[in-house]
Amino acid sequence: MKLPFSLLLQVVKVIVRVQKESFILQNEIDNLKSICKEIPGALVSFVGYVRDFSNNKKISSLTIEHYPGMTEKMLTDISRNATQKWPLLGTLIIHRFGTLNVNDQIVLVAAASLHRKAAFEATEFMMDYLKTSAPFWKSERVNKDNIWVDAKLDDELAKDRWE
Amino acid sequence: MKILYFSWLKEKVGKSLEEIEKPNEVHSIKDLIEFLENSSANHQNAFKHLKSIKVAVNKEFADFETLINEKDEIAFFPPVTGG
């Protein structure tokens, strides 16, 4: 069942941002906490970073392309689906685009709830769906070549277990 | 109709956006791909690996059977790799 967007907004706040800039984890968590209508007893956050090796090849940088408009829409859908599956007080997704360096933050996904189980599961659910349905594409710089990253079957399987 | 390409599809086609008038014989995404393949060698090369190509119509995932019309925004791209 799909609830009307306006109604859901009143019930559970969902934050989605697609941006070039990095983020400060503590500020974002505090912000998510502040929009919850009750004090969340549990807040789970996941941060993804740029790795220095991929398939045993040294990466010097990572460029992320996305489909403006569809990206925000998909991330909002994923967040709303999480709020329908678990009793959440708020969710947050921040995903960066553009050229990032090794060790940089790429993505932040967080869920706030009264109890930890819902927050843990919802965070993992949102991350699994983000990986397979948000229109981002990574290109890794290896030596002097830019190589588009292939989608992984494991990510598809990780998503399927929620269905 | 507006057609967008991302990632390696954009590189193979040689552009990220093109606007065309919907040809009469194009009803579905499948028809559109066939039309595009006939439009240039670059397009033909880009659409060679159909199994690795996803499509969205008006920013929603669609499939090759999806019906389309003049006002649609259609995007072709490889499987996503964010996160």
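Predicted model: local features only at pLDDT ≥ 70, side-chain atom pairs only at ≥ 80, totals over all residues.
View 1. Local features need pLDDT of at least 70, side-chain atom pairs count only at pLDDT 80 or more, and totals for chains, interfaces and linings use all residues. Residues are numbered from 1 along each chain as its sequence is written, and chains are lettered from A in the order in which they are written.

**View 2. Surroundings of Ala122(A).** Neighbours within four places in sequence aside, Ala122(A) is in contact with Ala82(A), Trp86(A), Leu88(A), Thr91(A) and Ala111(A) (contact: C-beta atoms, placed from the backbone, within 7 Å).

**View 3. Helices H4(A) and H5(A).** The axes of H4 (residues 116-133) and H5 (residues 153-160) of chain A come within 9 Å and cross at roughly 135° (axes are lines fitted to C-alpha atoms over the stretch in contact, with angles from 0 to 180 degrees between N-to-C directions; helices are DSSP runs of H or I, at least four residues, numbered from the N terminus). Asp128(A), Tyr129(A), Lys131(A) and Thr132(A) of H4(A) make the contact with Asp155(A), Glu156(A), Ala158(A) and Lys159(A) of H5(A).

**View 4. Contact between chains A and B.** Chain A contributes 22 residues and chain B 13 residues. On the side of chain A that touches chain B, H4(A) gives the most, with five residues.

Methods
Helix = DSSP H or I, 4+ residues; strand = E, 2+ residues; numbered from the N terminus. Contact = placed C-beta atoms within 7 Å.
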